[in-house]
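Colleague: I'm new to this one. Could you walk me through how to read its features?

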Amino acid sequence: MFFKTYSMPILLLVLLCLSVVALTIGRYPIPIGDVLSIVVTTPPNASHLSSDAPWVIVEIVRLPRVLLVVLSGMGLALAGACMQGVFRNPLVGPEVVGVSSGASFGGVLAIILGWTSWGIVVMAFGFGASALVVAFVLAKFSGKASILGIVLSGVIISSFFGALMGVAQYFADPQTKLPGIIYWLMGSFAEATYEKVSIMSLVMLCAGGLLIALRWRINLLSLGESDATSLGINVHFLRWSIVALVSLIVAAQVSVSGGVGWVGLVIPHFARMLTGAEHTKLLPVSALMGGIYLLMMDTLARTLTPQEIPIGLITALIGTPIFAVVFWKMQGKGWSHE
Amino acid sequence: MNNAICFENLGFTYTHETWVFRHCNAMIEKGSVFAILGPNGRGKTTLLKALLKLHKPSEGSLEVHGKIAFVPQLFSVTFAYTVLDMVLMGRASKIGLFSQPSAKDRTIALASLERFGLAHLAHHSFDELSGGQRQLVIITRALVAEADILVLDEPTSALDMKNQALVLSWIHRLSKEDGLTIVFTTHHPHHALAVSDNALLMIDEASFAYGKSQEVLNEANLLALYGVPLKHVIFEFENETVESFVPVFKK
């Protein structure tokens, strides 16, 4: 009960503490006092002597990475909670519309074309956004503006971009391009920069902020189309608005870090155990838990072995057994029926 | 204007080849209870959806004077929302797009639950309630929308006898005490006879019986409606004359 009442400040505190811990550990451990002093005393846009190793590690390597991981985790979990509510389905993740497949293909294409990290970001985001437009057009032309229409469009788009990715990998140079593509598809925050943090922050501020503002309306959408309509809301407009906002977050996340699955599917279930199903409380708690979860996974990914493990692998490898145990224990708590 | 709802020559078709119904006429007085009866697939729910403007009529005219709230058939929700969460959703049209329910909304919802004797269940999960309680919660949700007209789709289906009586008594009370206009569909002629002022019998796609419930609900019309004989019975119960219909099922 105590945790339920104060879940937001507690989770915020946990996230802050974990972020500080994540800045201290790694191949080059830095004492917590030094980390805090570097973070607190460094003004924005500061440049520093590159010979000051602790400063470079904290400010240039770890801080942007921690910020990007937290923002991505928050975005994915928020997106997953929204989609599960809108689609009234516990097995739905933020990638259901096919946006992450589109964004992944965009990234793969950029790597094949030999483009830099900015090229990957732009291509991934662009293809992710195009996948959303195609999903909208397909659902519209199929005459099924319903949830089924969106899901079917998502399946078609995911399969199509999946096939394109297969073709791209088949023709990619196995010596110079293929390893990069495979590594990127498995997801990594190793190349985090403040520019990427800015992109993710902007998307989270706009799309994430709007989703949080619309959180009570997701309760209405979760009742189903005819009941929600009878309550006087424009179901189609609201549903597509939420799908579009979620897609922007997913496209941004894939473009800055490659594919990171599982977070958007799993975290909302944990959050529901804490706060209940009501989306006004669920969405902010999901976001915070997503940030915490992904930060823990990323810290493990870069510290468990001498060579970094791709984050997509670790979220699946560690996330699935945890999810299985928790789901078995909670026995569908937060969900009324199958 | 004494009519809450008025429709003339109303018709609806999905395919433009076969009609669900057409040439349907009725006037529903403000503050009255109006029952719609018909066999499965005759278009009762389609007619309700037309009244709710969820379906556009294919022909005819439809006038609705006042705000409508809808009570769907008994259902369960995907998420384990509390009773209070469910009732608050009835305030959707009063709450801004980016807003959350206010303290005033909560007060209204709790007062409404109190009236139905459900306040003690406010923080219980909606799906843990009995069918009758769930139906009352959904009626409460419709009431907090501050509507003038309440439209209920088979409000007593899937309920046991006690809960059927409970829901019917509330239909009667809301009409008499609150002056609400109530439209409901039912498969039970005796329910319509007990609480409705007027009734519409959807016999086939273009044949209707419409009028005062006491007159239009008779053995001949009900035989035409269901193809099963129903015996009209009148008896004394606790010093009151009670009328009902008993279906005659032959082996």
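Modeller: By class, the largest pocket is lined by 16 nonpolar, 13 polar and eight charged residues. Here Ala, Val, Leu, Ile, Met, Phe, Trp, Tyr, Cys and Pro count as nonpolar, Asp, Glu, Lys and Arg as charged, and the others, Gly among them, as polar. Keep in mind that this is a predicted model, where local features need pLDDT of at least 70, side-chain atom pairs count only at pLDDT 80 or more, and totals for chains, interfaces and linings use all residues. Residues are numbered from 1 along each chain as its sequence is written, chains are lettered from A in the order in which they are written, and side-chain values use heavy atoms, without hydrogens and water.

Colleague: Which residues lie nearest the centre of the largest pocket?

Modeller: Rolling a probe the size of a water molecule over the atoms shows where empty space is left. A pocket is an open set of points on a 1 Å grid over the protein atoms alone where a 1.4 Å probe fits, with protein on both sides within 12 Å along at least five of seven lines; lining residues have an atom within 4 Å of a point. In this model, A:Lys4, A:Thr275, A:Gly276, A:Lys281 and B:Thr82 lie nearest the centre.

Colleague: And which side chains meet in a salt bridge?

Modeller: A salt bridge puts a side-chain nitrogen of Lys or Arg within 4 Å of a carboxyl oxygen of Asp or Glu. Between chain A and chain B the count is one: A:Asp227 with B:Arg141, at 2.6 Å, N to O.

Colleague: How many residues of each chain are in contact?

Modeller: With contact meaning heavy atoms within 4.5 Å, 31 residues of chain A touch 27 of chain B.
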